[in-house]
Amino acid sequence: MKRVSFSSPDQLPESLFEPAAWMRLWFPVSFGREVQRGYTVAGYALDHSRVDVSFYLHQTSGPAASWALHVHAGSMLNANIAGSQPCIIDERCRGVLLVGDETAFPAIRTIVGSLPERTHAYVLLTGAHDLTDFIAADERVKVWYAPTQKALHVFAKLKDKLQIDSAEPGAWHCWAAGESAMMRAIRSTISHGDSLPKSNVQVRGYWTKRRIMGL
Ligand SMILES: Cc1cc2nc3c(=O)[nH]c(=O)nc-3n(C[C@H](O)[C@H](O)[C@H](O)COP(=O)(O)OP(=O)(O)OC[C@H]3O[C@@H](n4cnc5c(N)ncnc54)[C@H](O)[C@@H]3O)c2cc1C
């Protein structure tokens, strides 16, 4: 991962400072064209003058990852905000189940950092790298890693172990992001019910294997 800090000539909108908020960044490609990629606000200055983004430098590389690899101080990007849906956990929630790969890791950290006082977090990290050491676990936050091939199986086992389906109404929230096919599979294993209503489920594909967008 590579962390890059951005400031803006305009005042940054308040919606950027909510957990799992993201923005659309525009990266230069050939002939003066730009392509857009989504990136999470991984951190920010207390006075809201600056936001940080953690770029996963994936091996296949694309305009965004290679921009981040070679970026130097003073570089500029166009950015806009549309469609960002923060992850706001109801304070009556008993637990939140968080699943994601390296691209979701920055968002997962912001969600864990903003948990309501009585809510527990169960974090399943996946992808090619085990990043569990970078989320502080304690009695309220449990963190596991499963490589991509095993993630769905481990997710299903974790869901059963937590007995989500038999909990009281609204007791659970689930947030997941990562590779699109995996997210489709995760979505299909989640059954909505009183304990996990649809409004408490956010699952989103953050990237697609072997697909290059906008080139
Ligand atoms: C709402 C949202 C928030 C996001 N937040 C973050 C974030 O905070 N940090 C972050 O790093 N990413 C984040 N992403 C994911 C990021 O936008 C994608 O990984 C994006 O495709 C990278 O663009 P690129 O130009 O580097 O590669 P692309 O041009 O999109 O793709 C080039 C090649 O690389 C492959 N590829 C793309 N991403 C990955 C990957 N992660 N692992 C392996 N191969 C890959 C593609 O399949 C393709 O073959 C977010 C996405 C969304 C939608």
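This is a predicted model: local features need pLDDT of at least 70, side-chain atom pairs count only at pLDDT 80 or more; totals for chains, interfaces and linings use all residues.
Okay, so let's start with the overall layout. The protein chain splits into domain 1, residues 2-80, and domain 2, residues 95-207. Their centres, taken over C-alpha atoms, are 25 Å apart. Where the two touch, domain 1 puts in seven residues and domain 2 puts in nine. What is that side of domain 1 made of, nonpolar, polar or charged residues? On the side of domain 1 that touches domain 2 we have four nonpolar residues, three polar ones and no charged ones.

Now the ligand. There are 26 residues around it, and the ones that come nearest are Gly38, Thr40, Tyr56, Gly62 and Ala65. If you go by elements, β3, β5, α1 and β11, that last one being residues 201-207, each give two or more residues to the shell. Which element gives the most to the shell? That would be β3, with four residues. By type, the shell around the ligand has 13 nonpolar residues, eight polar and five charged. And both domains take part: the shell draws at least three residues from domain 1 and at least three from domain 2.

Let's go into domain 1 for a bit. There's an open sheet of three strands here, ordered β1-β5-β4, with antiparallel pairing. At the edges sit β1, residues 2-7, and β4, residues 43-44, and each of those pairs on one side only. As a reminder, strands of a sheet pair through backbone hydrogen bonds, and that can be parallel or antiparallel. Between β4 and β5, with β5 being residues 50-55, there are two bridges, and those strands run antiparallel. If you want to find one of the partners on screen, look at Gly43, whose bridge partner in β5 is Asp52.

The loop between β4 and β5 holds His48. Have a look at its backbone, since the phi of His48 is near 60°, so we have a positive value in a residue other than glycine. Most residues other than glycine have a negative phi.

Ala20 is in the loop between β1 and β2. Is Ala20 buried or exposed? Buried, because 25 other C-beta atoms lie within 10 Å.

Next, helix α1, residues 63-70. Its buried residues are Pro63, Ala64 and Ala68. Why do they end up on the same side of α1? Because they cover an arc of only 130° around the axis.

The buried ones are Phe105, Pro106, Ala107, Ile108, Arg109, Thr110 and Ile111. Among the elements covering them are β3, β5, β7, β8 and β10.

Strand β8, residues 120-125, is largely enclosed by the rest of the structure, because five of its six residues are buried. It pairs with β7, residues 95-100, in the parallel sense, over six bridges. In that pair, Leu98 stands opposite Val123 in β8.

Two last residues, and then we're done. Lys159 is in helix α3. This lysine is buried, since 22 other C-beta atoms lie within 10 Å. Thr189 is 30 residues away from Lys159 in sequence, yet in space the two are 9.6 Å apart, C-alpha to C-alpha.

Then Pro147, in the loop between β9, residues 141-145, and α3, residues 148-162. Pro147 is exposed, because it has 12 other C-beta atoms within 10 Å. Along the chain, Pro147 and Asp130 are 17 residues apart, and their C-alpha atoms are separated by 7.9 Å.

How values were computed. Residues are numbered from 1 along each chain as its sequence is written. Two strands pair if DSSP finds at least two bridges between them. A residue is buried if 20 or more other C-beta atoms lie within 10 Å of its own, exposed if 12 or fewer, and partly exposed in between; C-beta atoms are placed from the backbone. The arc is that of the directions from the helix axis to the C-beta atoms. A residue is near a molecule or strand if its C-beta atom, placed from the backbone, lies within 6 Å of it. Ala, Val, Leu, Ile, Met, Phe, Trp, Tyr, Cys and Pro count as nonpolar, Asp, Glu, Lys and Arg as charged, and the others, Gly among them, as polar. Domain bounds come from an automatic or database domain assignment.
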